[in-house]
Amino acid sequence: MSKSPFLQSVRTEIRTKQYSYRTEKSYLYWVRQFILFNDKKHPKVMGNHEIERFLNHLAVNRRVSPGTQNQALCAIIFVYKHVLKREIENLHYKMTKTPRRMPTVLSPEEVASILRNMEAEYWLITALLYGCGLRINEALSLRVKDIDLKSRNLLVFNGKGRKDRYTLIPGNLREKIERQFAHVRTVHESDLAEGFGLTSVPTSLHKKYGPAMKDFGWQYLFPSATKCVHPIAGYVCRHHLHHSSYSRRLRQAVLATGITKRVTAHTFRHAFATELLRSGSDIRTVQEILGHSDIRTTEIYTHIIGDRRAGTVSPFDRLPSS
């Protein structure tokens with residue numbers, strides 16, 4: 001079914017609108033699941049009833065999360081709106097509201113203990129997550145040219161919401177980053193000697209810059225251990241380290257520390273934001289560094305700070321001693 005003309009038309013529309021490759025894979029997966037669930041009927045002969053049955057199946061039988069339900073619905077709506085040119089109206093289903101939960105935050109001591117159990121590039125990735133407030137995909141997608149050690153600026157190119165932003169680089173990471181630069185150069189020179197050397201980039205950039213993609217500055221800061229074929233353009237290139245590889249190393253490090261909190265790569269971004277606010281940084285500055293569109297997203301970290309929040313003290317702490 002992956003080679004069906006209809007799914008190819010969906011893929012073409014996704015790429016025309018320049019959605020990310022991850023979104024392309026996700027949308028195609030859910031459209032394929034929708035068709036299979038409805039006995040391989042073509043979406044043009046289906047409508048609200050089939051969509052509602054599929055979404056209920058996901059919730060009741062597969063017990064997927066609210067976010068996953070919404071993702072499936074977005075994929076189906078995309079197909080009807082942009083491929084079949086039909087509007088889906090009066091659907092007896094609304095986007096499931098994902099519960100807003102307080103983020104898990106690590107103390108500086110806990111971050112330090114995790115770092116002590118990591119090494120090489122995994123140590124540096126963790127240090128950048130915590131020291132710069134990066135998302136894991138932003139850290140793994142860093143290229144050599146995005147890092148200016150002289151001004152201690154780090155460019156997050158095409159981050160969440162397709163926005164660029166700058167963030168700070170901790171001064172005491174300079175030596176580690178320079179060592180990683182040297183590693184990248186060694187890998188890159190080996191690729192060039194073998195007749196390769198291209199890095200993976202969006203197809204539009206590959207067409208625009210061509211051979212320039214072999215320049216050292218375009219190489220990923222955390223290159224994959226193996227080369228691969230670009231999934232869209234078809235050339236042999238070297239992509240960045242896969243996020244699953246980092247997740248495995250992080251889990252091992254957390255288990256070794258004995259920390260019982262649920263720690264993911266994103267936990268370090270939460271800790272970064274909390275520590276900035278705790279040390280007196282302006283919330284608007286923190287919002288800009290994190291790349292939040294809405295200040296309310298940043299404000300959630302003020303609830304974690306507790307009695308340090310704007311000098312607030314519990315009335316109980318003001319009671320005369322009895």
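**Nonpolar cores and salt bridges in the predicted model**

Within the largest nonpolar core, which comprises 39 residues, the members that touch the most other members are Ile 114, Leu 128 and Tyr 246; a nonpolar core is here a set of buried Ala, Val, Leu, Ile, Met, Phe, Trp, Tyr and Cys residues joined through side-chain atoms within 4.5 Å, and buried denotes under 20% relative accessible area, exposed over 50%, and partly exposed the range in between (1.4 Å probe, protein chains only). At least two residues of this core are supplied by each of α5 (108-115), α6 (120-132), α7 (136-140), β2 (153-156), α8 (174-193), α10 (243-257) and α11 (265-278), where helices (H or I, at least four residues) and strands (E, at least two) are DSSP runs numbered from the N terminus. Helix α6 provides the largest share, 7 residues. When residues up to four places away in sequence are not counted, Leu 128 touches Gly 133, Leu 134, Leu 142, Leu 154, Leu 173, Leu 221 and Phe 222, contact being defined as heavy atoms within 4.5 Å. A second, separate core contains 27 residues, among them Tyr 27, Leu 55, Ala 72 and Ile 88.

The structure is a predicted model, in which local features need pLDDT of at least 70 and side-chain atom pairs count only at pLDDT 80 or more, whereas totals for chains, interfaces and linings use all residues. Residues are numbered from 1 along each chain as its sequence is written, and side-chain values use heavy atoms, with hydrogens and water left out.

A search of the whole structure finds 13 salt bridges, each defined by a side-chain nitrogen of Lys or Arg within 4 Å of a carboxyl oxygen of Asp or Glu. One of these joins Glu 110 to Lys 261, with the closest N and O atoms 2.9 Å apart; because Glu 110 lies in helix α5 and Lys 261 in the loop between α10 and α11, the pair ties together parts that are 151 residues apart in sequence. Lys 261 has 32% relative accessibility and therefore counts as partly exposed.

Arg 165 forms a salt bridge with Glu 138, in which the closest N and O atoms are 2.9 Å apart. Since Arg 165 belongs to strand β3 (residues 165-168) and Glu 138 to helix α7, this pair ties together parts that are 27 residues apart in sequence, and both Arg 165 and Glu 138 are buried.

A further salt bridge is formed between the side chains of Arg 238 and Asp 191 (2.7 Å, N to O). This pair links distant parts of the chain, 47 residues apart, with Arg 238 in the loop between β5 (236-237) and α10 and Asp 191 in helix α8. Arg 238 and Asp 191 are both buried, and a network of salt bridges links Asp 191, Glu 194, Lys 227 and Arg 238.
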